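Please read it with the structure open beside you.

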Amino acid sequence: MKTALITGVTGQDGSFLAELLLEKGYDVHGTIRRSSVDFRERIAHLEGKPNFHLHYADLGDSMSIIQVLNKVKPDEVYNLAAQSHVQVSFDSPEFTADVDATGVLRLLEGIRQCGLADKCRFYQASTSELYGKVEEVPQNEDTPFHPYSPYAVAKLYGFWIVKEYREAYNMYACSGILFNHESERRGETFVTRKITLAAARIAQGKQEKLYLGNLSSLRDWGYAKDYVECMWQILQQEKPEDFVIASGEQHSVRDFCLLAFRRAGIELEFKGEGIDEKGIDKNTGRILIEVSKDFYRPTDVVNLWGDPSKAKRQLGWNPNEKTSFEQLVNIMVDADMAKVAVERAGEQVRTNLEEYLEKGIVK
Ligand code: NAP
Ligand code: F7E
């Protein structure tokens with residue numbers, strides 16, 4: 001039985017990867033951080049399974065990393081932990097650098113210090129944000145990097161330190177340069193999830209309007225569940241190499257809104273430009289989407305489009321056989337429609353109960 005250690009197991013990708021590796025018969029260990037709330041929504045269904053174990057460790061704390069590496073002695077380490085929100089990296093640049101840059105070094109050096117360098121394979125969650133202010137479209141493994149946020153600059157260090165440890169110490173260490181991947185488990189402040197949740201709430205009368213930033217920004221969006229398969233495949237190759245993982249298709253934030261609202265039963269049309277652009281319900285004329293400067297970034301990456309040819313060729317991972325853009329939007333909207341419906345039902349139950357208590361029907 002192989003043993004894997006996943007940092008960031010409570011995140012979107014960590015939870016899907018843990019499920020995948022458990023299905024493959026791995027003994028799966030994940031790192032968690034102390035939090036005042038003990039409920040870990042994305043992995044609650046895995047906790048208590050015999051081959052699933054959790055350990056406290058923080059990428060900012062070398063001692064906790066060394067401790068967990070010594071205890072688990074993993075065959076494979078998947079470093080998914082990060083301050084992963086680009087906009088937040090402008091507000092917390094130092095924390096982002098510590099976790100997303102130095103944190104990678106701490107793990108690699110920890111593997112060496114624990115005498116695991118020959119046995120342990122290392123995967124680094126690298127990102128299309130490295131291409132940033134893009135120098136070529138679409139982007140592949142040879143496209144020059146031009147990071148364009150504190151997050152991307154930190155991740156660039158992560159990418160290069162992985163390459164350095166691979167070459168200097170002959171370690172099996174690789175980066176997956178993953179383009180945006182989303183799911184029903186995506187954090188609620190990333191643009192896709194913000195849109196699907198708002199579409200569901202607006203359709204069910206629980207929200208009036210959605211405020212967004214740059215509607216023209218272009219992304220290459222895929223489904224997170226499909227992308228974690230690649231993380232595993234990358235570590236099963238004979239030689240350690242880096243791969244671009246992408247859908248090979250590009251859509252705007254505006255396109256995402258149109259599809260998401262349609263799935264929720266609302267036909268939108270966009271009118272106006274820039275800060276004055278509005279998303280309007282075609283049937284009622286109601287303005288449902290407005291642009292707010294609050295969601296503009298000091299520097300924004302606006303033209304990401306991945307070329308996954310190498311992954312297709314070498315890993316046999318073909319995005320055309322995976323979840324399509326429209327299917328992804330539908331999965332996310334359907335999950336949020338159900339979530340909002342359950343929340344509404346809960347509210348109704350509470351209202352009824354209060355009424356019954358007041359009238360003395362129940363005591
Ligand atoms: P996510 O949902 O934000 O999850 C991030 C994980 O990192 C969480 O488990 C979080 O723990 C953990 N974490 C944050 N700071 C930490 C620290 N100091 N020490 C230990 N753990 C820490 O991110 P994701 O979307 O799953 O992405 C996974 C990785 O892929 C990240 O490295 C991200 O930068 C990278 N990436 C993501 C995408 C994408 O489109 N999703 C694309 C390219 C690369 P808590 O739950 O305790 O906060
Ligand atoms: O923004 C624009 C925004 O925050 C996408 C992370 O997983 O993928 C993710 O980073 C685009 C940007 O993701 C809003 O300006 C418009 O151009 O969903 P996002 P991201 O910045 O691409 C990469 C690959 C990672 O590595 C990261 O970890 O959408 N946008 N209006 C908005 N974005 C947000 N969040 N909120 C808005 O209201």
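1. I begin with ligand 2, where a polar side-chain atom of asparagine 180 lies 2.8 Å from an oxygen atom of the ligand, a polar contact being a pair of N or O atoms within 3.5 Å (within protein, one must be able to donate a hydrogen and the other to accept it, and residues adjacent in sequence count only if both atoms are side-chain atoms). Arginine 186 likewise places a polar side-chain atom 2.9 Å from an oxygen atom of ligand 2, while a polar backbone atom of threonine 189 is 2.9 Å from a nitrogen atom of ligand 2. Of the 700 Å² of accessible area that ligand 2 has on its own, the protein covers 96%, with areas taken from the Shrake-Rupley method with a 1.4 Å probe and, for residues, only the protein chains shown counting as cover.

2. This is a predicted model, in which local features need pLDDT of at least 70 and side-chain atom pairs count only at pLDDT 80 or more, whereas totals for chains, interfaces and linings use all residues. Residues are numbered from 1 along each chain as its sequence is written, chains are lettered from A and ligands numbered from 1 in the order in which they are written, and side-chain values use heavy atoms, with hydrogens and water left out.

3. Around ligand 2 there are 23 residues, of which Ser84, Thr127, Tyr151, Ser217 and Arg297 come nearest; a residue is near a molecule or strand if one of its heavy atoms lies within 4 Å of it. The shell around ligand 2 divides into eight nonpolar, nine polar and six charged residues, where Ala, Val, Leu, Ile, Met, Phe, Trp, Tyr, Cys and Pro count as nonpolar, Asp, Glu, Lys and Arg as charged, and the others, Gly among them, as polar.

4. For ligand 1, a polar side-chain atom of aspartate 58 lies 2.8 Å from a nitrogen atom of the ligand, and a backbone N or O atom of alanine 82 lies 3.1 Å from an oxygen atom of ligand 1. The protein covers 86% of the 900 Å² of accessible area that ligand 1 has on its own.

5. Which elements each supply at least two residues of the shell around ligand 1? They are α1 (12-23), β5 (121-127) and α5 (150-169), helices (H or I, at least four residues) and strands (E, at least two) being DSSP runs numbered from the N terminus. Strand β5 gives the most to this shell, with three residues.
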